[in-house]
Amino acid sequence: MKQLKRKNAALFFAGLMLSAAPMAASHAADKPTLAFVVNGASDFWKAAEAGVKKAQGEMPDYTMELKYPEQAAVAIQQRLMEDLVSAGVKGIMVSAVDPKTQTDGLNKIGSQTALFTTDSDAPKTNRVAYIGSSNVDAGKQAAEIAKKAMPDGGKCMGFVGLLGADNARERIEGMKEGLKGTKIELVDVRGDDIDQTRAKKNVEDALVASPDLTCMVGFYSYNTPRIYEALRDAGKLGQITVVGFDDDPITLGGVKEGTIAATVVQQPFEWAYQGMKLMAAYLKGDKSGVPADGLIIIPTVIIGKDDVDKYAANLKAMAGK
């Protein structure tokens, strides 16, 4: 009899555990998920990963994720976002691959979840707000670097990942605006579709086709390192002025050794950290953090030779290292 009672008790508690399991799963499912979707695989986004991680630590009632598309292509990024929406994601912050051709797709996402943009804005969509750099201002800062490094003028070739993306177009326009009235000319910009092998080949081809170039500009985070490597391999480091963007370790090393004039750095850590907190507040009904024009600009900064060590130490601190 006692054995029967013990057996019944065991079955009773087992039943309780089984009934509790779906309740726990339901509770987990009720935890809102926010996603940060980037435009392609690049070390540039590691700082954003750290920003998402910090925001997650401060807001445990949310699940926060950073997602990479399999390839830097509009269709692939769109499919990723649609999969996230189908999975119940409540908010998406995206660096759109090509905002001009993604209007319908982004509007579809924005009609189903809270949509924010970063890095490259899509102002003609139903996104709630943009949080990121002023790419025009960043381009003007690149012009300042070139003017300081080449007071007598010169010919520059630019290199970028996505020629059609707003962030690329605006940086190029900003640099051209900043060079007006000088003897420095940005003669052309070559795109690589975020293919780093092609990015380096573009530089190598330019060295052969345009031997009169005196300056090269890397408009995306990985472009400057590929410029550095191509010039190193050709024995031309230090002979051609290099203007950089972002804070790849190779770029910072080149700035410190003087083979890269300086670099314009963005703050993807802040984009992600502030962006995730902004989305969470917005979903709770607090729209006070969204300005009337929908633009939240995180300033870009020029990092020169004397700034590298302090900047690198700050990066490590943000990443919790």
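A search of the whole structure turns up one cavity of 30 Å³ or more, where a cavity is a set of points, on a 1 Å grid over the protein atoms alone, at which a 1.4 Å probe fits but cannot get out, and a volume is the space filled by probe spheres set on the points, joined across faces, edges and corners. This is a predicted model, in which local features need pLDDT of at least 70 and side-chain atom pairs count only at pLDDT 80 or more, while totals for chains, interfaces and linings use all residues. Residues are numbered from 1 along each chain as its sequence is written, and side-chain values use heavy atoms, with hydrogens and water left out.

The largest cavity has a volume of about 120 Å³. Its lining (residues with an atom within 4 Å of a point) consists of 14 residues, and Asn39, Phe44, Asp119, Tyr220 and Ser221 are the closest to the centre.

Pockets come next, a pocket being an open set of points with protein on both sides within 12 Å along at least five of seven lines. The largest pocket holds about 610 Å³ of space, and of its 23 lining residues Asp43, Lys46, Ala47, Pro249 and Leu315 are the closest to its centre. Helices H2 (46-58), H9 (249-257) and H11 (308-318) each supply at least two residues of this lining, helices being DSSP runs of H or I with at least four residues, and strands runs of E with at least two, numbered from the N terminus.

The second largest pocket holds about 230 Å³ of space, and H11 gives the most to its lining, with five residues.
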